[in-house]
Amino acid sequence: MSLLRIPVAAIGAGGGAMAYMSYKVDELQREYVPDWMKDAFAKANGFLQDINFSDLELPDLPDLSKFKLSDVSSDAIPAIPGMAKAAEKFDELTSAALEASEMSQLPTQAEVVMKKATQNHGSLPPPDEDLMVLTKKLIEVRNLLKTVDNNAKMTLPSIVVIGSQSSGKSSVLEAIVGHEFLPKGNNMVTRRPIELTLIHTPDSKEEFAEFPQLGLGKVHDFKNVQRTLTDLNLAVPDTECVSNSPIELRVYSPNVPDLTLVDLPGYIQIHNRNQPAVLKEKIADLCESYIREPNIILAVCSADVDLANSEALRASRKVDPSGKRTIGVVTKMDLVEEETGVGILKNKDYPLQLGYVGVVCKKTGPDVDSQAIIRSEDAFFGNHPAYRSNRLMVGTSTLRRRLMEVLEDHMGRSLHKISDAVQTELDEARYQFKVHYNDRRISAESYVAESIDTLKQKFKEFAKQFGKPQVREEVRSMLEQRLLDICADVYWSDSRVSNLPRLCLSDPFWQGRLDVSSGALTKSGVGRSSVQLVVDVLMRNMERLTSTEPWVHHAEGRQKVMDFSNDLLRAKFHTAVDQVENTIKPYKFEVECTELEWQEGQKRAVATLEKQLAEAQQGLQVIKSTVGRRKLRNAIKYVQKADREASFRKQQSATSNELETGPSEVLDNPDHPAFNLKLMERAREALDLQSRATLLQTRVGALRSRQCSTADNKACCPEVFLSVVAEKLTYTAVMFIWVELLNEFFFQLPREIDNKLYYDLSRKEIMAFAKENPVVAKHLEVQEKKTTLEIVMEKLRELQRKR
Ligand SMILES: Nc1nc2c(ncn2[C@@H]2O[C@H](COP(=O)(O)OP(=O)(O)OP(=O)(O)O)[C@@H](O)[C@H]2O)c(=O)[nH]1
C-alpha cells in the first residue's frame, strides 16, 4: 500500500482530517510529503486547533500519535462533529495548493522507496517494525521447518537468484550483503545452490557467517567464507558439473536485511571444452526446481543485453507468466545510455508486476569495499536525473528494501496456507507419538546415560564373577598346557620312559632332567604370558559386553570402549609383568615342596593326565566310528606294514650303497589303501592316539603308585613335581596381577566409561550417538518433529494474531 496515496484518497473523499491525522501520526511519511502539501497540512492543522475538541461530544478521542492509517475509516470522519468542517476547509486549501503546484501527481511508490533507501545508503533503512518482525519470525519458522522434513507444503518462500553467466548475480548478492564472499573464477565456480539466510542483528556490531551443515562456528573473515564456498563448490567433480545438494550459509549482521536468498549456477549459452552440452540442461533443471511456487524469482539481466535474450526472464516466464512473483534486477546500468536504461526500467516491454530495479555494482578495484560500490552507484544515479524524474527504482539500497517488502508480502500471504499445512503435519506427529510411543518423552542424554549404566552394570557383574579363583584357573590351565609340552618333550618322547619308575631310583641323570624341566617351566616367561593371558580374557570380555544391546548399534562407541580398556591395561602391563617375574624369581633356582603340596600336586597331575587320556581315547573313538572299525584296522595294518617296509628299504639302500631296489608290493600297488590318502591320514592319527593313550595310561599308573605318593621320589614323578611348581607360579603370578592390573582396571574402567562416553561428548555427539540406534532415532525424530511443529505453530499463531 502506498504511503502517500492515502492522503490523496483522503483528499478525494473530502477526508482532510484523515490526511491531517496521517500527517501527524507518521513521522516517516511526513518526510516525504512535498512542501506544498505540508503547507496545506499546516493550515488545516491551524484550523483544526481552533476546534475545541473538548466541546465535542466524543466518547474517547483517540490519541492521534498512536494512530495507524489503516485504523482510520473514512466513514468515521463525517461522524465526528466539527471534523467534517475541518475536512471541508482542508479540501479547499489543498485543492488550491494542488492547483498552484506544478506537480499534479504525488510521488510514486518507487520514488518513496528509492528516497528512503538512498538516504540510508550503506546501512539499512529505518526499520518498519511490523515488516521486520514478520519477515524475521517467518525466516525463523522457515529454518525450523527445514529441520523437520521436506514437505513442500510447509515451505516458506525464498528469493531465488537466476541469471546468465556473468550477468552480475554475484555482484548484486554481495552488494546486498555488503561483503565480497561468493566464489570467483572462470571455471564455473558456482556448482551447488547456495541457500543464503541473512539475519539482521540490530543490537550487535558483530558481523559473521555460519555454515550450519559444517559446524565450523562463527566465521568472521568473509575471505574464509569465500574460500569455504569455493572448496565446497569445487568438490563437485567436473564430470558431474553441478549438484542439487545445497550449501547452507547464514550471515548475521546489523547491516543486512532479514532475507532468504538462493544463489544458483548461471545459465550458460554456449558450451565449450569445460562445459559439456548436458551442463546447460542440468543448470536449467536445477534452476527450474528452485523457481517453483512459492519462491520469488530475482531475474538478473544485464542492461547491455537485450531483455528479449534474457535466460532468466525466459525461465521465469515459464513458471510465472504474469510476473507476479518475479522481480527484474537490471545490472550494469552504467554500460547503457540513460535513455535505454530508463526504457528498460519502465517495465513496459517485458512487464513484471513487481517491476525492475536498476543497479550498478561495478567493482573498480581488487579491494574495493561494498560501501564504495554503493557510493559510486549513488553518484551514478545522482548524475542521471532521468531515472529519478521518471520515478524508477534504482540502486542497491532500493533493491534491498524492495526485496524485504516483496518477501514480507509473499511470506505474509503464505501464512494461512503454511499454518494449515503445519497444523496437519502436527496432528499427524502427535498421533504417531501417542500411538507408537504412548506420549513417552525420551532424550538423547537419558538414552546415553542408560546405555552407559547397562554397560557398567554388566561390567560389574563380570568383575564379581572374575575373582582370584577364576583368574587362577585361567593361569593354571595355561601353565598345565606348558607342563604337558615339557613332559612330552623331555620324558614321553624318550623310549626309556616306560622304565622310569625303575631307572629314576638309580640314575642321577633323571634328577638332572627334573631340574631342566622345572627350569623350562619357571623360565618360560611366565610374567609376560600370564599377564597377557589375563589382558586377553579381559579384552574378550569387553568385546562380549559391548556386543549386546544397546551397544550393538554403536560401532564407534564400542571401538572407544575397546580402545580405552586397552589403554588402561597397557598402562599397567609392564609393571605387572615385571612384578610377576620378580616374585617368581626364587622358583627359578629352587622349588621347595611340602608333603601336602605334593599330595595336591599328585592329584592334579593324575587329573591332568587322565583328562589327556580321555581326550585321546575319545579321539580314537571318533575315528573308529567315522571310518569303521574293520576298515580302520586294515588301514592301520597297512600303514604299519608300509612303515616297516619303508624302514627296511631305507636300511637296505643304505647298506647296498644306494643300489637300485625293486618295486614295493605295498607302496607301489595302486589297489592298496595307500592311495586313499585321507584314510592313511586317519589311520596314522589313530595310531598316534593309541600310542599316546598307552603312554598316558602307563604314566597315570605310575603317578598313582606308592612311589609317587611322596615328594622324596620327585625324579620318578616329574608330572607331579611340575604340577607343584605350576601351582606355586600360578598363585604368585595371580597375586601380583591382581594387585597391579586387575584392581586398577576394575576401579578405573567405570570411570573411563563415564568420562569418555558421556562427559567428553558434546551435545551434538550425544545426539548422534543416540540416533545410531534406529529405534531411538525414530522415537527422537517423531518427538522432535512434534516439538518443532508445536513451536512453529505457536509462532505462526502469534504472527496471525499480530496481522
Ligand atoms: N560495468 C559493470 N560491470 C559489472 C556490474 N556488475 C557486475 N559487473 C561485472 O560483471 C562481471 C560479472 O559479474 P558477476 O557478478 O561475477 O556475474 P555472475 O552472474 O555472478 O557471474 P557467474 O558467477 O560467472 O555466473 C564482473 O566482472 C563484474 O565486475 C555493473 O553494474 N557494471
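This report walks through a predicted model, from its sheet to its ligand shell, its helices and a few backbone details.

## The sheet

Start with the strands. Eight of them form an open sheet: 8 strands in the order S3-S4-S2-S5-S1-S6-S7-S8, with mixed pairing. Strand S3 (208-210) and strand S8 (356-358) are the edges. Each has a single partner strand, so one side of each has no neighbour in the sheet. From one strand to the next, the twist averages 25°.

Now look at one pair inside the sheet. Strand S2 (residues 194-200) and strand S5 (residues 259-263) run antiparallel, and 5 bridges join them. Take Leu196 as an example: its bridge partner in S5 is Leu261. Helix H13 (residues 338-345) lies across strand S7 (326-331) and S8. The direction of H13 is at about 155° to S8.

## Around the ligand

Which residues come nearest to the ligand? They are Gly168, Ser170, Ser171, Gly266 and Lys362, out of 18 residues around the ligand. Helix H9 (residues 169-177) gives the largest share of this shell, with 3 residues.

The shell can also be sorted by class. It has 3 nonpolar, 10 polar and 5 charged residues.

## Two crossing helices

Two packed helices are described by the angle between their axes and the distance between the axes. Apply that to helix H24 (residues 629-655) and helix H25 (residues 677-704). Their axes come within 9 Å and cross at roughly 85°. Angles of 65 to 115 degrees count as roughly perpendicular, which means that H24 is roughly perpendicular to H25.

Which residues make the contact? From H24 come Leu632, Ala635, Ile636 and Val639. From H25 come Leu679, Met680, Ala683, Arg684, Ala686 and Leu687. By class, this contact of H24 with H25 has 9 nonpolar residues, no polar residues and 1 charged residue.

## An annotated helical stretch

The UniProt record, an unreviewed entry, annotates residues 599-626 as a "coiled-coil region". What does the model show over residues 599-626? The chain there is 100% helix and 0% strand.

## Backbone details

The bond from Glu293 to Pro294 is cis, with omega near 0°. Pro294 sits in the loop between helix H11 (277-290) and strand S6 (296-302). Glu549 and Pro550 are also joined by a cis peptide bond, and here omega is about -5°. Pro550 belongs to the loop between helix H21 (526-545) and helix H22 (555-584).

Finish with Ser166. Its phi is near 65°, a positive value in a residue other than glycine. Where does Ser166 lie? Ser166 is in the loop between strand S1 (159-163) and H9. H9 is the helix that gives the largest share of the ligand shell.

Definitions and conventions
Residues are numbered from 1 along each chain as its sequence is written. This is a predicted model: local features need pLDDT of at least 70, side-chain atom pairs count only at pLDDT 80 or more; totals for chains, interfaces and linings use all residues. A residue is near a molecule or strand if its C-beta atom, placed from the backbone, lies within 6 Å of it. Helices (H or I, at least four residues) and strands (E, at least two) are DSSP runs, numbered from the N terminus. Ala, Val, Leu, Ile, Met, Phe, Trp, Tyr, Cys and Pro count as nonpolar, Asp, Glu, Lys and Arg as charged, and the others, Gly among them, as polar. UniProt positions are given in the numbering used here, feature names are shortened, and annotations may be inferred rather than shown by experiment. Axes are lines fitted to C-alpha atoms, for helices over the stretch in contact, and angles run from 0 to 180 degrees between N-to-C directions. Angles under 35 degrees count as roughly parallel, over 145 as roughly antiparallel, 65 to 115 as roughly perpendicular and the rest as oblique. Two residues are in contact if their C-beta atoms, placed from the backbone, lie within 7 Å. Two strands pair if DSSP finds at least two bridges between them.
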